[in-house]
Amino acid sequence: SYTKHYRSEQVGISYDYSQKSSALPSFEIISQDSKKILRPKILLLDVESGRSLEIQKVKTISMLDIYQDFVNLNILSQYYFPTIYGLVKDVSRENKNFKRMSKKSVALAEETKKILNGIFTLTVDNLSSFVIEQGPILSGHRDFREKFESIFNRPIEAIEVINIRTDEGILPAAMVSLGRGKDMSYSIVPLGITKPSVYVLNRKLTSPTVASIVGHLSFKLKNLENDPISLFIEQLVKNPKSIDPAYSQMVYERYFELSKIILKNEKYALVETVNKNVNKLIGVLDLYKVSNRKLYQNLSELSKALAENNLDFFGIRKVERI
């Protein structure tokens with residue numbers, strides 16, 4: 001058994017790749033100014049559990065703007081939130097200290113977590129304890145909530161604070177639930193840094209159904225090799241006419257190897273997930289008229305084999321049970 005830790009520069013995450021876990025390219029196509037814009041995603045899969053998780057980096061935000069208005073509207077912030085206050089009042093010096101997981105960035109994360117937990121759970125019943133812990137001036141908190149919620153362009157249903165792995169070590173992050181029912185979506189924002197990225201997920205990272213995937217997922221680790229599928233995504237987004245055939249071949253091999261493993265392990269839910277992903281990629285290749293017809297043909301044949309449960313295509317010998 002082998003394990004390799006890859007990064008995806010486009011999505012800003014890293015993950016383990018082995019016989020137990022894998023990753024595939026995924027895309028979202030949006031219309032903007034009468035043009036089709038291709039936004040890259042990564043589909044992470046755990047073979048043993050049969051679970052998957054799709055993740056996309058959508059934007060990078062400035063928390064400093066939110067902190068500045070919070071301090072300006074809260075004259076007692078120096079006493080209740082000294083790290084945030086110090087950051088706002090001495091930006092040029094403080095910014096240099098937030099690149100690594102220093103004591104100050106840990107404190108910044110804790111103070112941000114305190115504000116979020118307080119303002120998103122504030123009720124008439126807990127108002128007195130809120131005032132004791134965070135101060136009697138609510139205008140700054142109200143502004144913080146409005147600006148933080150505007151990041152997502154949708155009302156926030158709930159916020160959980162979880163720990164994620166990054167270059168800075170273990171960093172708190174806001175796990176944000178948006179909408180309700182079938183319209184539910186999820187985002188995650190690392191805390192403790194002034195310019196965090198916002199990620200969109202198709203499931204909560206705290207959900208038991210993706211617990212095994214979270215174990216091999218981390219955010220933007222440096223000094224790692226780029227996953228071939230990430231290089232493929234980069235070329236496809238920049239110029240679909242000039243994709244390196246070697247990367248195309250590696251992407252196909254990833255699909256083939258993963259399909260073989262999940263069929264051997266009879267993870268039929270993953271078979272459906274992978275085949276859906278294959279057809280989505282075929283659609284992207286067709287839309288952008290990618291010149292690599294071999295990749296198009298290989299993926300089409302693989303999709304047909306998955307749909308028909310064609311074990312011979314993947315070189316799997318079926319063992320008869322007695």
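Visitor: How many aromatic pairs does the structure hold?

Guide: This is a predicted model, and the structure holds 12 aromatic pairs.

Visitor: What describes a pair of aromatic rings?

Guide: Two quantities are used: the distance between the centres and the angle between the planes. Take Tyr 6 and Tyr 17 as a case: their ring centres are 6.0 Å apart and their planes lie at 40 degrees, a tilted pair. Planes under 30 degrees apart would count as stacked and over 60 as edge-to-face, so a pair in the remaining range is called tilted.

Visitor: Which strands hold Tyr 6 and Tyr 17?

Guide: Tyr 6 belongs to strand β1 (residues 3-8) and Tyr 17 to strand β2 (residues 13-18), so the pair ties together parts that are 11 residues apart in sequence.

Visitor: Are Tyr 6 and Tyr 17 buried or exposed?

Guide: Both Tyr 6 and Tyr 17 are buried. Tyr 17 also has a charged neighbour: Arg 254 lies over the face of its ring, at 4.0 Å from the ring centre.

Visitor: How is the pair of Phe 148 and Phe 152 read?

Guide: The ring centres of Phe 148 and Phe 152 are 5.5 Å apart, and the planes are at 70 degrees, so this pair is edge-to-face. Phe 148 has a relative accessible area of 0% and is buried. Phe 152 is buried as well, with a relative accessible area of 9%.

Visitor: Which residues form one aromatic cluster?

Guide: Phe 148 and Phe 152 are in that cluster, together with Tyr 67, Phe 70, Phe 81, Phe 120 and Phe 144. One of its members, Phe 81, has a charge over its ring: the charged end of Lys 114 sits there, 5.1 Å from the ring centre.

Visitor: On to helix packing. At what angle do α1 and α3 pack?

Guide: Helix packing is read here from the distance between the axes and the angle at which they pack. For helix α1 (residues 63-73) and helix α3 (residues 82-89), the axes are 9 Å apart and the angle is about 105 degrees. That makes α1 roughly perpendicular to α3, since angles of 65 to 115 degrees are classed that way.

Visitor: Which residues make the contact of α1 with α3?

Guide: From α1 the contact takes Leu 64, Tyr 67, Gln 68, Phe 70, Val 71 and Asn 72, and from α3 it takes Ile 84, Tyr 85, Leu 87, Val 88 and Lys 89. By type, the residues of this contact are 8 nonpolar, 2 polar and 1 charged. Tyr 67 and Phe 70 also belong to the aromatic cluster.

Visitor: How do the axes of α10 and α12 cross?

Guide: Helix α10 (residues 245-264) and helix α12 (residues 293-307) have axes that come within 10 Å and cross at roughly 10 degrees. The two helices are therefore roughly parallel to each other. On the α10 side the contact is made by Ser 248, Gln 249, Tyr 252, Tyr 255, Phe 256, Ser 259 and Leu 263; on the α12 side by Lys 294, Leu 295, Asn 298, Leu 299, Leu 302 and Leu 306. The contact of α10 with α12 divides into 8 nonpolar, 4 polar and 1 charged residues.

Visitor: Next, the backbone. Which loop holds Asn 153?

Guide: Asn 153 is in the loop between α7 (139-150) and β6 (156-166). The angle to read is phi: for Asn 153 phi is positive, about 60 degrees, although the residue is not a glycine. Asn 153 counts as exposed, at 66% relative accessibility.

Visitor: Where is Asn 223 found?

Guide: Asn 223 is in the loop between β10 (217-218) and β11 (225-226). Asn 223 is not a glycine, yet its phi is positive, about 55 degrees. With a relative accessibility of 82%, Asn 223 counts as exposed.

Visitor: What is Phe 130 in contact with, leaving aside its neighbours within four places in sequence?

Guide: Phe 130 touches Gly 118, Ile 119, Leu 122, Gly 135, Leu 138 and His 141, with those neighbours left aside. Phe 130 is placed in helix α6 (residues 127-134) and is buried, with a relative accessible area of 4%.

Visitor: What are the figures for the protein as a whole?

Guide: The protein has 12 helices and 11 strands. Of its 322 residues, 48% count as buried. Among contacts with a separation of 6 or more, 61% are between residues 24 or more positions apart. The C-alpha trace spans about 70 × 50 × 35 Å along its principal axes.

Terms used:
Residues numbered from 1 in each chain as written. Predicted model: local features only at pLDDT ≥ 70, side-chain atom pairs only at ≥ 80, totals over all residues. Heavy atoms only, no water. Axes fitted to C-alpha atoms, helices over the stretch in contact; angles between N-to-C directions. Helix = DSSP H or I, 4+ residues; strand = E, 2+ residues; numbered from the N terminus. Parallel < 35°, antiparallel > 145°, perpendicular 65-115°, else oblique. Contact = heavy atoms within 4.5 Å. Nonpolar A, V, L, I, M, F, W, Y, C, P; charged D, E, K, R; others polar. Phe/Tyr/Trp six-rings, centres within 6.5 Å; stacked < 30°, edge-to-face > 60°. Buried < 20%, exposed > 50% of the residue type's maximum accessible area, 1.4 Å probe, protein only. Lys NZ or Arg CZ within 6 Å of the ring centre and 35° of its normal.
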